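User: Hi there! Please take me through the model below, one question at a time.

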Amino acid sequence: MLCREKILKSENQTKNNMKKSEKNSLETWELMLYVAGKTPKSITAFKNLKEYCEEHLKGLYSIEVIDLLENPQLAEGDQILAIPTLVRKFPEPIRKIIGDLSNKERVLIGLDIKERTI
Amino acid sequence: MNKFKTKNVMSVLPKTPTGIQGLDELTEGGLPKGRPTLICGGPGCGKTLMSLEFLVRGATEFDEPGVFMAFEETPEELSQNVKSLGFDLDELVKQKKLYLTHVKVERAEIEETGEYDLEGLFIRLGHAIDSIGAKRVVLDTVEALFAGLDNTAVLRAELRRLFHWLKEKGVTAIITGERGEGQLTRQGLEEYVSDCVILLDHRVIDQITTRRLRVVKYRGSTHGTNEYPYLIDRDGISVLPITSLKLDHDVSSERISSGIDRLDAMLGGKGYYKGSTVLASGTAGTGKTSIASHFANATCGRGERALYFAFEESPKQIIRNMKSIDVNLEQWEKKGLLQFHAARPTLQGLEMHLVQMHKAVNEFKPDVVIIDPITNLIATGTTMDVKAMLLRMIDFLKMKQITALFTALMHGNSADESTNEAISSLVDTWLLVRDIEFNGERNRAIHILKSRGMAHSNQVREFLVTTEGVNLIDVYTGTEGMLTGSARIAQELKNKNLAFEKQQQFAIKKRELERKRRAVEIKIDTLQAEIENEEQEMIYAMAQEKTAGENSTYDKKLMAMGRKADVSMDDVMQGENSEKRKSNKK
């Protein structure tokens, strides 16, 4: 339930971001977080992700949380093995970051955020 | 009832048949049901194929759908790879009997930050299993995960959890693993999968590849512990069955003809025992193939089936050559009673030959199997290997009550009575064809070295290959030794002459004796006459003497009368008369 709320929230944000991105001619980052139920690891991961995005991509991102317990068929498409997995769908290329995202440095490298912001 | 049932379950480990030829016999029923099995081996030994065949057979033969989770190949590649084996994976996927899924682990795409688990894999597998109601699962080289992810501690813990989870799900799983240094798999998967471990091996000896399979462990079940050869061919995998390695086959007292009348006569008048093993050995060109062909001919002539493994000549060549001795094998081949299998021995390893022979025998169901010659097989292995292989072959054929005829080539003069393959103790009947070089020609002679369970001739026969087929004739044995060929004919002529001479001499002697006898008879006659003469003379002399005596008395009387003595005239006359009477009587 928590996840769904967050999805909605992120969707709203996406819409806002879209507008912003149009203005700034910057594209919205599409991020997907795959989780399996509400485990501590997933919650930590979501918290961390949110934090980093707010810090570096404010208004330029959308986060979709996918609960594989509810939609197991979605795991195959993105080749999900580990939980939690963060998938950067856009911009390409697709990047995957697994784990609870507790290592900020590595997440930012993995998402290729640092370079852009600097 | 209930009690009985539980007891039954307790005592027998439930097994899932693999449907792979020979593997079920080897494991006495298949893989442990509801438990994971590890199949490990080096690259190219057929791990993927074996596990895939397990699924395909399960889906098609046992109505057990299966999930194939590939870590290395995509479903498209997989279905393409096994198409040559006649497995149509796409069709099975359509029928929801098979679920192919590819797990891509790309190190370059993945960044690890912090803690994670492999729940995603579980979910995917669980979803796949549930979507088709799978009973069988294959994880093809789960070790690929170790290449993609760094945190081995997590991986190990998760794999352990995975195998437990598979057990809980009640699916029969195969996990494949690459063979590692010093242990069965690179990542030591055998630690986690402890119920059944099958090791596949692929080795090259003398440039010939042999694949071997060994059940390393099978918890809660007996199994064959040796290495067994297996084969990958157009029908998938076949493992050499081992059920035959017992000496408890039935025996038959039925006899079948060897196709050569005189040979049957030598074998107690009836030929070989049905289901026995016959070895015909001899040096090059002694007619071993001819013996084999006669046997095949006789078998097909009775309407039975014969399977001919030729390791030296092509079927067409055999047919042509045998036509020259009036054995028409072509007709039987056309009628489907005779089947040839020709291959160069070096084409493949010994076990491969064996597995192929097994397959051919199982498919054709012959009454008679001919292997011509077994000696060539030695080119592909050591004597021990060949012996072991032939032992298996013989046992296998005996189990099936198939009469087997092997030919063996002996080398040069080493026709001592042991073949190179040392299988003499394995055969029931052993015919030895020998070359006898004498008097500027080579002749063949055959004798029966042994024949278990029948009164057989211990004589050497001359073995003639004529345009009417093989014929055996008595050899000449006498003071000159054993003679064959023209020497035998010459000796026979000589004997005839000798006999004639003897007869003549006898006649002469007889005549001589007759003559002698007659001469003696004549002599006897003469002597008789002589003695008669003498007798005559004697009588005459006696008579004269008497007359002389009488005369003297007469004279005396006369004189007495003359002197006027007391003598009457009658007395004088009487004396005269009696003398006369006497002479008259004579």
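Predicted model: local features only at pLDDT ≥ 70, side-chain atom pairs only at ≥ 80, totals over all residues.

User: Leaving aside neighbours within four places in sequence, with which residues is Glu28(B) in contact?

Analyst: Residues are numbered from 1 along each chain as its sequence is written, with chains lettered from A and ligands numbered from 1 in the order in which they are written. Glu28(B) sits in the loop between α2 (23-26) and β2 (31-32) of chain B; helices (H or I, at least four residues) and strands (E, at least two) are DSSP runs, numbered from the N terminus. Taking contact as heavy atoms within 4.5 Å, and setting aside neighbours within four places, the partners of Glu28(B) are Lys15(B), Thr222(B) and His223(B).

User: How many of the residues of α13(B) are buried?

Analyst: Helix α13 of chain B covers residues 350-364, 15 residues in total, and reaches 21 Å from first C-alpha to last. That is close to the 21 Å expected at 1.5 Å a residue, where the expected span is 1.5 Å times one less than the number of residues. Among its buried residues are Leu350(B), His353(B), Lys359(B) and Phe364(B). α13(B) is largely enclosed by the rest of the structure, because the buried count is 12 of the 15.

User: Which element gives the largest share of the lining of the largest pocket?

Analyst: The largest pocket holds about 350 Å³ of space; on a 1 Å grid over the protein atoms alone, a pocket is an open set of points where a 1.4 Å probe fits, with protein on both sides within 12 Å along at least five of seven lines, and lining residues have an atom within 4 Å of a point. Of its 17 lining residues, the closest to the centre are Arg234(B), His341(B), Gln356(B), Met357(B) and Ala360(B). Two elements of chain B, β17 (338-342) and α13, each give two or more residues to that lining. The largest share, seven residues, comes from α13(B).

User: How do the lining residues divide into nonpolar, polar and charged?

Analyst: Here Ala, Val, Leu, Ile, Met, Phe, Trp, Tyr, Cys and Pro count as nonpolar, Asp, Glu, Lys and Arg as charged, and the others, Gly among them, as polar. On that basis, the lining of the largest pocket has eight nonpolar, five polar and four charged.

User: What is the span of α15(B) from its first C-alpha to its last?

Analyst: Helix α15 of chain B runs over residues 485-562, which is 78 residues. Its buried residues include Gly485(B), Arg488(B), Glu550(B) and Tyr554(B).

User: Where is the cis peptide bond in chain A that has omega of about -5°?

Analyst: Look at the loop between α3 (74-77) and β3 (85-90) of chain A, where Pro84(A) is found. Gln79(A) lies in that loop too, with a positive phi near 55°. The cis bond with omega of about -5° joins Ile83(A) and Pro84(A).

User: What is the relative accessible area of Leu101(A)?

Analyst: Leu101(A) is placed in the loop between β4 (95-98) and α4 (104-111) of chain A. Its phi is positive, about 60°, although Leu101(A) is not a glycine. Leu101(A) is buried, and its relative accessible area is 0%.

User: Lastly, what share of the residues in chain A is buried?

Analyst: Chain A has five helices and four strands, in the order α-β-α-β-α-β-β-α-α. For chain B, with 586 residues, the buried share is 48%. In chain A, with 118 residues, the buried share is 49%.

Key
Heavy atoms only, no water. Buried < 20%, exposed > 50% of the residue type's maximum accessible area, 1.4 Å probe, protein only. Points joined across faces, edges and corners; volume = space filled by probe spheres on them.
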